[in-house]
Amino acid sequence: MTSDYSFRSGSPRDTYGSGWPTSSSKSHPIYYDEARQILYPSNPIRAITPSYLIKAREEPITMITPQKLLVILDLNGTLFYRARRNRAVTSRPYLTQFLDFLFNHCRVMVWSSARPHSVENMLSSGFGARVSKLDRIWNREHFQLPENDYIRNVLTIKDLEFVWDDIARDKSDTVHASGGGNSNEESIEFDQTNTILIDDSTAKIQLQPYNGVALRDFDEELAKVGTDNELLKVKKYLEKLIYQANVSAYMRLHPFSSRTPLSPDPARGPVEAETTRRAEDELADELNDLTRHLERNSMAV
């Protein structure tokens, strides 16, 4: 198997938790990320949808009234650290405050690449009664993987088209069953203008790159230290996004960055503002670079 594209040389971009291909992938074309032993999926990765890019390149519009966003949560590495040896689950700091905000302002679902029993284990460890409030709980079975990929460590891309189509089918079934009536929330059309995918891997959000929030991977080291404040930063970012008419347009210009300080220091105001701007610009360049590659080819392997 071979790939007809290349990326800048260097190590995987761990700053953003991504698993983008490295220059060494050419010598081992079966790996999407050789360092992490992540294999290419058997099926080719589809090209990015042209209409998606057109919509994402609109000018952002800030609204007076917040809109109801659909927030799709990853679990392991994003909200939890799951130990490999004993499978013990550690919740990310500030998880409770983060979930309280989400369930008060957003429609929330889970989509994890873990198997069903692992997803249930993590949810029972940190969500409590909130599990019943989740709109959907998706696991590895929802990636439409071939049987051989299901049991292998392959790249699992979260294509939001799957989610939007599933919600649309549910809405259609509800309208049909009720004879044409539905609630205000059920009537919302979900698409790239109002959907946020939160994950620890940029590679998994690559088909809708301007709808993804890529967190720093919550690994064993961060779980031991216990000082991580990533979820507070995401909450602050979401507080802005709920007022955006088209979140993909805003996120294209202002992507989430883990390097943005949670509480700006007045004494370092100009320095921190410049650091934030550079971090946003660098990540925007990364996403735009990946998008250009996906536009040109389907990344068939």
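Me: How many aromatic pairs does the count come to?
Reply: Heads-up: this is a predicted model, where local features need pLDDT of at least 70, side-chain atom pairs count only at pLDDT 80 or more, and totals for chains, interfaces and linings use all residues. Numbering runs from 1 along each chain as its sequence is written, and side-chain values use heavy atoms, with hydrogens and water left out. Rings of Phe, Tyr and Trp (its six-membered ring) pair if their centres lie within 6.5 Å; planes under 30 degrees apart count as stacked, over 60 as edge-to-face and the rest as tilted. By this rule, the count is 8.

Me: What kind of pair do the rings of F80 and F127 make?
Reply: A pair of aromatic rings is described by the distance of the centres and the angle of the planes. For F80 and F127 the centres are 6.3 Å apart and the planes sit at 40°, so the pair is tilted.

Me: How many residues apart are F80 and F127?
Reply: Helices (H or I, at least four residues) and strands (E, at least two) are DSSP runs, numbered from the N terminus. F80 is in strand β4 (residues 80-82) and F127 in the loop between α3 and β7, and this pair links distant parts of the chain, with a gap of 47 residues.

Me: Are F80 and F127 buried or exposed?
Reply: Buried means under 20% relative accessible area, exposed over 50%, and partly exposed in between (1.4 Å probe, protein chains only). F80 has a relative accessible area of 0% and F127 has 1%. So F80 is buried, and F127 is likewise buried.

Me: What angle lies between the planes of W111 and W138?
Reply: These two rings form an edge-to-face pair, 5.0 Å centre to centre, with an angle between the planes of 85°.
W111 lies in strand β6 (residues 106-111) and W138 in strand β7, so the pair ties together parts whose separation in sequence is 27 residues.

Me: Which residues do ring pairs link into a cluster?
Reply: W111 counts as buried at 0% relative accessibility, and W138 does at 7%. Both belong to the cluster, whose members are W111, W138, F143 and F162.

Me: What distance separates the closest N and O atoms of D166 and R136?
Reply: A salt bridge here is a side-chain nitrogen of Lys or Arg within 4 Å of a carboxyl oxygen of Asp or Glu, and the count comes to 17. D166 and R136 form one, and D166 is buried, as is R136. Their closest N and O atoms lie apart by 2.8 Å.

Me: Which side chain of opposite charge is nearest to K204?
Reply: Lys and Arg count as positive and Asp and Glu as negative; His and the chain ends are not counted. K204 is in the loop between β8 (195-199) and β9 (212-214), and is buried yet has no salt bridge. K158 does form a salt bridge with D199, at 2.6 Å between the closest N and O atoms. For K204, the nearest opposite charge is 4.8 Å away, on D199.

Me: Which side chain makes a polar contact with the side chain of D135?
Reply: D135 is partly exposed, with a relative accessible area of 28%, and is found in the loop between α3 (116-126) and β7 (137-138). Its C-alpha atom is separated from that of M109 by 5.0 Å, at 26 residues along the chain. A polar contact is a pair of N or O atoms within 3.5 Å; within protein, one must be able to donate a hydrogen and the other to accept it, and residues adjacent in sequence count only if both atoms are side-chain atoms. At 2.8 Å, the partner of D135 is R107.
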